[in-house]
Amino acid sequence: MMKIAFFDVKQYDKTGFDFYSDLNNIKIKYYEPRLTADTVGLAQGFDAVCVFVNDEVDDYVVNKLYEYGVKVILLRCAGFNNVDTKACFGKIHVYRVPAYSPYSVAEHTMALLLTSIRRIHKAYNRTRDFNFSLTELTGFDLFGKTIGIIGTGKIGKIFANICNGFGMNIICYDKFPDKSSKLKYVDLQELFKKSDIISLHCPLTDETSYLINKNSIDVMKKGVVIINTSRGGLINTEDLIDAIKNKKVGAACLDVYEEENDIFFRDFSNHIVQDDQLARLISLPNVIVTSHQAFLTKEALDNIAQMTINNLISFYENKPNINNEVCYVCAKREECHKEKSGKCF
Ligand code: NAI
């Protein structure tokens, strides 16, 4: 029987994972802590570890896992920036769930945007207090506005479709534009300059780290709305706060935050949060923060569980899905063996 050590578990994870592991005779041990250098010892005796976005799978952790005989890291998410894939190469195979419901994230992105610009969060609080005044609740139409979408993969494309339904003018930037699509691509500077709203849907890499910073904000329109449902590190938070304070940025909708690791997914309602930047963001009336919630739909959770378990089974049955394994040389075909053997190494 295959055994998985499951880190950073939440109640909502268990329904799908219990179902698909029972179905396939796989044993899962659930651990509440995240996988870090301090908790890696819990992985001894397991074939695989299952991790999420904020587990810290660095060089030290990877080598410990290897020493313990762990063969596979199963990411139950799409992004893999928190795993040192270079350290894993030749030692531990890394699988992810590249798409589980891109609709969940794209729809949450629009939910954040509408909430922000139509002041729904303010109105909700007011009417609960029987305050029916409309003062300061004036929004703006999305129809005819220019939205700049950075990253036109699965989520970015679905979000573009949703924006199309609102009659928006859509411009896009992608390092690898999809020439078969009907999207209008522009260069990054033009996107920054022309967009009324900018939405981030690219991965976090060395190249995209702090893509939104003082310099890029300087070229944007006054009052621009910035949405980030991708990864926190895409935005320099300090620069964003400055730009909101000086009214260059009109609003920000954030489902992710660069320092979210020790905060998001937990209840701090009875604590004094020590992160002053996050506290400042939350105190601003034109900032909405959700805690990395965009993926959280029933459909997405079920797909994540099913695909994660399938990744493990197909790895052991030597029928791996090459789209789901990642390594640091996947892009260099001559070094990654995926297309020849079905596995990266
Ligand atoms: P995807 O891999 O389908 O698309 C990513 C796109 O970004 C690709 O078209 C790629 O060419 C482009 N890209 C790569 N490097 C770029 C660069 N330097 N500049 C501009 N574009 C670049 O990924 P998908 O599924 O659309 O997900 C997008 C991001 O959404 C993920 O990287 C992940 O960080 C985030 N995400 C967030 C979730 C949440 O709950 N908030 C859930 C799932 C994903």
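Predicted model: local features only at pLDDT ≥ 70, side-chain atom pairs only at ≥ 80, totals over all residues.
Residues are numbered from 1 along each chain as its sequence is written, and side-chain values use heavy atoms, with hydrogens and water left out.

**Stop 1: Ser101**

Select Ser101 to begin. You'll find Ser101 in the loop that runs between strand S5 (93-95) and helix H4 (102-117). (Helices are DSSP runs of H or I with at least four residues, strands are runs of E with at least two, and both are numbered from the N terminus.) Is Ser101 buried or exposed? Ser101 is buried, because its relative accessible area is 11%; buried means under 20%, exposed over 50%, and partly exposed in between, using a 1.4 Å probe and protein chains only.

**Stop 2: Lys10 and Asp8**

Time for salt bridges, meaning a side-chain nitrogen of Lys or Arg within 4 Å of a carboxyl oxygen of Asp or Glu. By this rule the count is 11. Pick Lys10 and Asp8, a bridged pair whose closest N and O atoms are 2.8 Å apart. Lys10 counts as buried at 18% relative accessibility, and Asp8 counts as buried at 6%.

**Stop 3: Lys175 and Glu207**

Next, select Lys175 and Glu207. Their salt bridge has its closest N and O atoms 2.9 Å apart. This pair ties together distant parts of the chain, 32 residues apart: Lys175 is in the loop between strand S7 (169-173) and helix H7 (188-194), while Glu207 is in the loop between strand S8 (197-200) and helix H8 (214-219). Lys175 is partly exposed, with a relative accessible area of 47%, whereas Glu207 counts as exposed at 53%.

**Stop 4: Glu190 and Lys194**

Which helix holds both Glu190 and Lys194? They lie in helix H7, 4 residues apart, or about one turn of the helix. Glu190 is partly exposed at 26% relative accessible area, and Lys194 counts as partly exposed at 42%.

**Last stop: a network**

Finally, select Arg34, Glu56 and Asp262 together. Salt bridges link these residues in a network.
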